[in-house]
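Hi there,

Here is the structure I promised to pass on.

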Amino acid sequence: SDNNILTVPPFLLSLNIFATFGPFIAAFYITYKNNGKEAMKSLWKRGWDFSFNKKWLWVVLLFPLITSGLTILFVNLFGGKILWEHQPLPFFLAVPIFFVIFITQGLPEEYGWRGFALDRLQLKWNALTASLILGFIWGLWHLPLHFMIGTTQEVIPIYQFILKQMVGAIFFTWIYNNTNRNIFLAILFHSVYNVFGGLVPYWVTNHGRWVNFSIELIIAILIVLIYGANKLVKEKRLLV
């Protein structure tokens, strides 16, 4: 591990699949305890709501493709290279791995992070601040993976990963708030994003990580400037 504080035995890596259900279990347990069975059912249904404006489906599907493509372009322009030999996900396995990630990562995490936590954070703070707070917590939640052999986080400094999660959380909030709090799109975005992270191993090098972070930071700033930090949603102006 590049995070040389301690090393977790490899066999514990298999427990990671159970850890991803932590946010899911917590979200449904607290919802049930505080608001009852019907609220829990309502939360579940929001993960299977397909009534959103379909233009956001294209945002979800194309965003990781565009940022990955720009990362490849600028890594090479700035004298670096993508270490394709470290690619953990062969292209021919992208589709089946997507479904595995959807069920074991995207779905259980997003019910907790966006479906439960983000709503409550936005009751107290604006969308941008809530995103940054949640992104920080989200990054810290991955902390054990930095000490496990074979994980993506193993080769990424902790502070870099947390910064990336904080910026990434802005994208999730932007999509979530513009689709009437749609959890399905958050799950889908999480899954597609992780697949592209496996297809394009920019994160193996410090150069690649900073190029990708810079690209995403610029996009996040543009989103905040265009949509506003308050809700990350364009306010409709009434014509007088």
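A word on terms before the findings: a residue is called buried when its relative accessible area is under 20%, exposed when it is over 50%, and partly exposed in between, with a 1.4 Å probe and only protein chains counted. Please keep in mind that this is a predicted model, in which local features need pLDDT of at least 70 and side-chain atom pairs count only at pLDDT 80 or more, while totals for chains, interfaces and linings use all residues. Residues are numbered from 1 along each chain as its sequence is written, and side-chain values use heavy atoms, with hydrogens and water left out.

Salt bridges

By salt bridge I mean a side-chain nitrogen of Lys or Arg within 4 Å of a carboxyl oxygen of Asp or Glu. Searching the whole structure turns up five salt bridges. As background, side chains of opposite charge can pair when their charged atoms come close.

One of them joins Lys41 to Glu38, with 3.8 Å between the closest N and O atoms. Both residues belong to helix α3 (residues 37-45) and sit three residues apart, about one turn of the helix. Helices here are DSSP runs (H or I, at least four residues), numbered from the N terminus. In general, an α-helix has 3.6 residues a turn, so residues three or four places apart point the same way. Lys41 counts as partly exposed because its relative accessibility is 40%, and Glu38 counts as exposed because its value is 56%.

Another salt bridge pairs Asp119 with Arg46, where the closest N and O atoms are 3.5 Å apart. Asp119 is in helix α5 (residues 94-122) and Arg46 is in the loop between α3 and α4 (55-77), so this pair ties together parts that are 73 residues apart in sequence. Both Asp119 and Arg46 are buried.

Which residue does Glu216 meet in a salt bridge? The partner is Lys164, at 3.0 Å from N to O. This pair also links distant parts of the chain, with Glu216 in helix α9 and Lys164 in helix α7 (residues 158-178), 52 residues apart. Glu216 and Lys164 are both buried. There is a network as well: salt bridges that share partners join Arg46, Asp119 and Arg181.

The loop between α7 and α8

Arg181 lies in the loop between α7 and α8, and Asn180 is found in that loop too. Neither is a glycine, yet Asn180 has a positive phi of about 55° and Arg181 has a positive phi of about 60°. Asn180 is exposed because its relative accessible area is 66%, whereas Arg181 is partly exposed because its relative accessibility is 36%.

Helix α6

Helix α6 (residues 127-141) has 15 residues and reaches 21 Å from first C-alpha to last. That is close to the expected 21 Å at 1.5 Å a residue, the expected span being 1.5 Å times one less than the number of residues. Its buried residues are Ala127, Ala130, Ser131, Leu134, Gly135, Trp138 and Gly139. They cover an arc of only 160° around the axis, which puts them on the same side of α6; the arc is taken from the directions from the helix axis to the C-beta atoms. Their cover includes α5, α7 and α8 (183-199).

Around helix α9

Contact below means heavy atoms within 4.5 Å. Val167, in helix α7, is buried because its relative accessibility is 6%. Leaving out residues up to four places away in sequence, Val167 touches Phe213, Glu216, Leu217 and Ala220. Thr71 is found in helix α4 and is buried because its relative accessible area is 0%. Beyond its neighbours within four places in sequence, Thr71 is in contact with Tyr202, Gly208, Val211, Asn212 and Ile215.

Finally, there is a nonpolar surface patch of about 580 Å², made by Leu217, Ile218, Ile221, Leu222, Leu225 and Ile226. Patches are built from residues with over 30% relative accessible area and no salt bridge, joining like charges within 9 Å and nonpolar side chains (Val, Leu, Ile, Met, Phe, Trp, Tyr) within 5 Å. Areas come from the Shrake-Rupley method with a 1.4 Å probe, and for residues only the protein chains shown count as cover. Ile218 is found in helix α9 (residues 206-227) and is exposed because its relative accessible area is 51%.

Best wishes

Definitions and conventions: Helix = DSSP H or I, 4+ residues; strand = E, 2+ residues; numbered from the N terminus.
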